[in-house]
Amino acid sequence: MVAKMYKYRWQYLLILPAVVLLFLFSYIPMAGIQIAFKDFAIGSSIWESNWVGLENFTFVHDPQFWKVVQNTLYISVLKFVFGFPMPILLALMINEVTHPAYKRFVQSVSYLPHFFSWIVVAYILQSFLTLDGGFVNDLIVRMGGEPIFFLGSTEWFRPMIISSGLWKEVGWNSILYLAAISTIDPQLYEAAKVEGAGKFAQIRHITLPGIMPTISIVLILSIPGLISVGMDQIYPMMNPANQEVADVLDTYVLRNGLQQGYFGPATAVGLLSSVIGLILVMTTNSLSKKMNGEGLW
Amino acid sequence: MKLKVLAILTLALTVVLSGCAGNNAGSGSSAEQNEESASNSNASDAANQETEDKPLKQVDVTWFTSIGFWPPPEWDTTTGTIMGNITERTGVKFSFDVPPQDGDTKLNLLMVSSGNKFPDVITTVDQDMATKLAQSGKVWNLDEFLKEYDPQSRLLTDFPADLKEHIVQRFGGWYYIPSHMASADLKEMYPPSSSYFADSGKYGKNQGVMVKTKLLEQAGLTLDDLKTESGFLKALQKVKDMKLTVDGQPVVPLQIDGKDYQAGGALMFLQHNFGAIEVDKDGNYRNILLAPETKHAIQFLNEAYRGGYLDPGQLMMDNNGAKSLYSSGRIFSFMGNMANVPYNADYASPGAILSDDGAKPIFTYASLPGAGWMKTFISKSTKHPEQLAKWVSYMTSREGLMNAFYGFKDVDYTINDQGLAVRTEQGKITKENYKKTGLENFWQFSNLDFNNHMNPAPTDEEALNRSATFAAYGKTPDVVRFDISPLTLPGDFYAPGSENVKIRDQIKQFAEVHISRMVLAKDQAAFDKLYDEFIAQLKKLDIDKLDAALNEQLKKKQQEMGVTVKGVNS
């Protein structure tokens with residue numbers, strides 16, 4: 001083993017700083033997990049705080065917590081159902097574009113929104129959707145309809161979140177699939193053309209199987225994300241009018257934990273979410289290996 | 001080979017540096033700048049200046065304020081400026097950390113994670129945060145602080161005793177300087193220059209309703225038409241039907257405070273206006289949310305929404321949005337905290353809007369001094385305690401108050417025959433440029449009794465209009481005055497992690513969402529259903545248990561004060 005390590009010493013040296021950073025900033029801070037089981041007060045030390053067992057986990061008796069979990073799962077499943085296949089579809093479509101300049105243009109335009117921060121996107125959405133002078137409501141009124149209170153509506157909140165999330169990330173997420181598609185041997189397509197296969201048949205029998213390993217890996221990595229829907233996106237759009245559907249785990253932790261300085265319960269919720277995420281990723285990895293032999297480990 | 005090694009090492013070094021740089025950002029960044037410039041300024045002999053006792057070095061200190069809408073000035077140490085004076089007299093030069101939102105959340109995180117880089121000065125308005133700071137051991141008790149670092153400070157002898165006693169009772173010690181100071185002892189020190197101030201102190205209130213007089217005339221209405229609930233709603237309907245415009249933009253019949261409407265804004269005004277208070281007719285504590293008059297207040301907003309006078313988008317507007325809307329000039333009526341928008345002399349108030357069911361409006365006042373709106377603490381980890389002790393003493397002294405709130409004599413103000421400060425035209429310009437000059441910008445040290453002592457009674461129309469607008473509610477003949485001092489609570493009543501605070505916070509979070517749902521109810525049936533759900537859920541959240549504990553405190557306080565309070569309408 002030592003000989004092997006020596007053989008690949010430069011590669012090990014290359015990854016060593018990343019491993020050190022991971023250890024310093026991800027593993028060592030895990031010592032803070034103990035806050036979830038302690039009566040930690042501001043001004044005292046983590047190590048000196050008293051153990052309180054599962055007292056910080058009493059949020060499981062709070063009906064509001066379960067409502068929040070329901071909201072989180074609802075939004076994350078919708079994001080998964082729409083957000084997972086769309087980048088694949090986009091990558092497949094871009095791959096079929098033959099004009100190189102147009103192909104590059106479409107790619108650039110599609111992933112540009114990824115670089116906007118969610119605060120900017122929220123501001124854009126609010127400007128477009130506001131009742132008083134918003135572009136969308138102006139259009140609705142001109143077409144003879146009644147203005148819609150998008151920003152405060154419980155019916156429109158989830159569609160707004162899903163569609164803005166898609167618009168922002170679909171292009172960026174398609175890059176991985178485009179890269180995977182570019183590794184497929186072009187001779188396979190030549191052979192398929194000779195055999196008389198059309199575009200759809202080529203996609204079904206060559207492109208999709210070719211990028212299946214990538215799809216599997218991305219799927220495994222996406223599953224833990226079901227428990228976290230991205231506070232950056234939700235928080236700027238949340239207000240008392242839509243809070244009953246907008247309140248998710250992250251905002252619950254912010255309100256009940258960080259804003260009040262209750263770090264124990266906040267850590268407990270975070271720990272529970274992480275454990276659920278870990279169970280999900282292990283389950284998905286195992287299923288993926290059984291079904292198509294692909295897995296993260 | 002050598003090239004390969006070099007490339008790998010360069011790449012590895014880049015990764016390390018980017019990782020370390022990314023994790024050194026955050027709350028320490030302004031402190032790092034301060035340390036760097038402090039070491040630069042400490043090296044400069046020109047930074048020394050005279051004080052009463054010994055020359056103090058000019059130092060850079062950080063000031064964290066959790067009030068997002070406070071505009072920090074751009075610090076200017078030039079001699080002959082307001083901030084230059086402060087630096088010259090005390091040695092401090094400030095850099096500010098003012099998060100636009102959720103300042104107290106950031107403060108919570110700073111308290112846990114900043115270690116010795118905790119800001120030197122901290123200002124908050126939240127009572128719970130003030131309690132946490134006081135109990136955390138991270139801030140100075142000002143008695144100990146001043147005795148150690150400025151034993152000659154006049155604050156040790158001149159700080160009003162009644163105010164100090166109140167702060168010590170609530171927080172277990174004198175931990176902060178309160179803003180907008182006013183108390184009986186302070187009035188003895190600084191008696192008001194005119195009965196005008198006693199009058200505005202007695203009747204003035206920030207929460208109220210005001211209407212634009214020009215639009216009122218255009219609509220063919222007078223203030224008297226707005227003095228009843230149905231009259232006010234009819235007026236809003238009329239304004240809406242007339243489709244009035246200002247500069248081509250439609251007039252907004254009713255504006256409220258934005259998303260803060262529940263916290264000291266329009267809802268609070270309507271609750272008191274329709275006669276809700278925290279004490280029932282039997283003299284027992286009852287949460288104001290349970291009062292039938294609160295239902296009436298929410299119902300009013302719902303009717304305004306259903307009638308099309310209240311844009312639901314306002315329920316989400318932040319303070320800047322609300323200010324901007326108000327300043328557009330197309331608001332017919334504004335309801336809520338009138339101090340949160342820049343007062344316009346075109347507006348006047350009808351006073352109380354009398355309830356159609358005959359309930360009497362209530363005017364709340366406090367016979368005991370308050371704990372101050374803004375609370376300014378000094379951090380124990382500050383490396384410059386001497387300078388900050390001088391600063392605190394200076395800013396609360398007569399000289400410091402004149403500098404910060406009046407400017408330079410014979411430039412920004414003159415002293416008249418009665419010894420009162422009269423602002424000059426230049427002073428008005430200096431005040432308008434407060435971000436550069438700092439004049440009247442240090443709200444944290446505002447001393448209302450001192451201002452009432454130094455200012456002559458206003459004679460200009462705008463000031464008189466403003467005063468009349470803010471006092472209109474209090475002067476309404478049918479208003480009942482109610483002393484809320486018996487409702488004050490000891491600091492440990494809502495101790496962090498206690499049962500009381502858990503119940504209170506759950507109620508607050510639930511009410512915030514549900515009240516908005518009631519305001520936006522589509523019809524009366526939906527409103528009534530939501531209201532019944534509201535009361536049922538409040539009971540499930542143990543509101544009665546909390547009320548029982550609050551009732552016990554009420555009785556204790558009444559006994560201590562020798563008074564008895566009872567509800568007015570229910």
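For the charges here, Lys and Arg count as positive and Asp and Glu as negative, while His and the chain ends are left out; each charge is placed at NZ of Lys, CZ of Arg, CG of Asp or CD of Glu. This is a predicted model, where local features need pLDDT of at least 70, side-chain atom pairs count only at pLDDT 80 or more, and totals for chains, interfaces and linings use all residues. Residues are numbered from 1 along each chain as its sequence is written, chains are lettered from A and ligands numbered from 1 in the order written, and side-chain values use heavy atoms, without hydrogens and water.

**View 1. The charges of chain B.** Chain B carries 59 positive and 72 negative charges, and their mean positions sit 4 Å apart.

**View 2. The overall build of chain B.** Along its principal axes, the C-alpha trace spans about 80 × 80 × 60 Å.

**View 3. Where chain A meets chain B.** Here 32 residues of chain A are in contact (heavy atoms within 4.5 Å) with 36 residues of chain B. The buried area, which is the accessible area (1.4 Å probe) that two parts lose on being put together, summed over both, is about 3,000 Å², and carbon and sulfur atoms give 66% of it. On the chain A side, A:W10, A:I42 and A:P240 lose the most area to chain B, together 21% of what that side buries.
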